[in-house]
Amino acid sequence: MYSEKVMDHFENPRNVGELENANGVGTVGNAKCGDIMKIYLDIEDDIIKDIRFKTFGCGAAVATSSMATEMIKGLHVEEALKVTNKAVMEALDGLPPAKVHCSVLAEEAIHAAIQDYYKRQGVDFESDKQCNGCCSSCNHDHAE
């Protein structure tokens with residue numbers, strides 16, 4: 001049912017915990033399944049220097065959180081915003097259809113944490129350019 005990579009990231013998650021001096025924090029959740037993800041970012045000069053996560057949810061939620069943090073660590077924030085749930089799933093060698101929402105949450109949590117970073121820096125997030133309507137972390141009107 002799950003790939004070896006999913007099981008590895010579930011059993012040995014990377015980047016677990018909090019960052020006390022995080023300058024970007026994003027929390028997202030899925031009411032249907034009860035999964036909650038919180039991403040902590042330490043960004044210097046728009047580069048993600050460190051990242052941690054806390055996830056309450058199933059094994060796939062933990063694995064996608066772990067993989068997503070590995071994928072964006074060291075990236076410029078603009079590059080991190082381009083990491084999609086599909087890229088996370090591919091990096092994990094796939095997810096069962098019923099667990100795809102976990103990869104969506106990982107993408108949403110990254111976006112929410114970066115939005116928080118921009119807000120703390122006093123920079124407009126420009127949600128129209130970044131937002132694909134996947135979550136409620138921005139204040140973009142998705143009814144358009």
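Which residues in H1 meet which residues in H2? Hi everyone, let me walk you to that contact, starting with some ground rules. This is a predicted model, where local features need pLDDT of at least 70 and side-chain atom pairs count only at pLDDT 80 or more, while totals for chains, interfaces and linings use all residues. Residues are numbered from 1 along each chain as its sequence is written, and side-chain values use heavy atoms, with hydrogens and water left out.

First, the overall layout. The protein has six helices and three strands; helices (H or I, at least four residues) and strands (E, at least two) are DSSP runs, numbered from the N terminus. Along the sequence, the pattern reads α-β-β-β-α-α-α-α-α. There are 144 residues, and 48% of them count as buried. Buried here is under 20% relative accessible area, exposed is over 50%, and partly exposed is in between, with a 1.4 Å probe and protein chains only. Of the contacts with a separation of 6 or more, 59% come from residues 24 or more positions apart; a contact is heavy atoms within 4.5 Å.

Now back to my opening question. On the H1 side we have Val 6, His 9 and Phe 10, and they meet Gly 59, Val 62, Ala 63, Ser 66, Met 67 and Glu 70 in H2. By class, that contact has five nonpolar, three polar and one charged residues. For the classes, Ala, Val, Leu, Ile, Met, Phe, Trp, Tyr, Cys and Pro count as nonpolar, Asp, Glu, Lys and Arg as charged, and the others, Gly among them, as polar. The axes of H1 and H2 are 8 Å apart, at an angle of about 90°, so H1 is roughly perpendicular to H2. Axes are lines fitted to C-alpha atoms, for helices over the stretch in contact, and angles run from 0 to 180 degrees between N-to-C directions. Under 35 degrees is roughly parallel, over 145 roughly antiparallel, 65 to 115 roughly perpendicular, and the rest oblique.

H2 has another partner to show you. Helix H2 (residues 59-72) and helix H5 (residues 100-120) have axes that come within 8 Å and cross at roughly 40°, which means H2 is oblique to H5. From H2, Ala 60, Ala 61, Thr 64, Ala 68 and Ile 72 meet Cys 102, Ser 103, Ala 106 and Ile 110 of H5. Those residues split into seven nonpolar, two polar and no charged.

Let's stay with H5 for a moment. Asp 116 is found in this helix, and it counts as buried because its relative accessibility is 19%. Beyond its neighbours within four places in sequence, Asp 116 touches Asn 23, Gly 24 and Val 25.

What about aromatics? The structure holds one aromatic pair. The ring centres of Tyr 117 and Tyr 118 are 5.7 Å apart with planes at 45°, so the pair is tilted. For reference, rings of Phe, Tyr and Trp (its six-membered ring) pair if their centres lie within 6.5 Å, with planes under 30 degrees apart stacked, over 60 edge-to-face, and the rest tilted. Tyr 117 is buried at 6% relative accessible area, and Tyr 118 is buried at 8%.

Finally, two loop residues. Asn 15 has a positive phi of about 65° although it is not a glycine, and Asp 45 has a positive phi of about 50°, again without being a glycine. Asn 15 sits in the loop between helix H1 (4-11) and strand S1 (24-29), while Asp 45 is in the loop between strand S2 (36-44) and strand S3 (47-56). Are they buried or exposed? Asn 15 counts as buried, at 11% relative accessibility, whereas Asp 45 counts as exposed, at 75%. Thanks, everyone!
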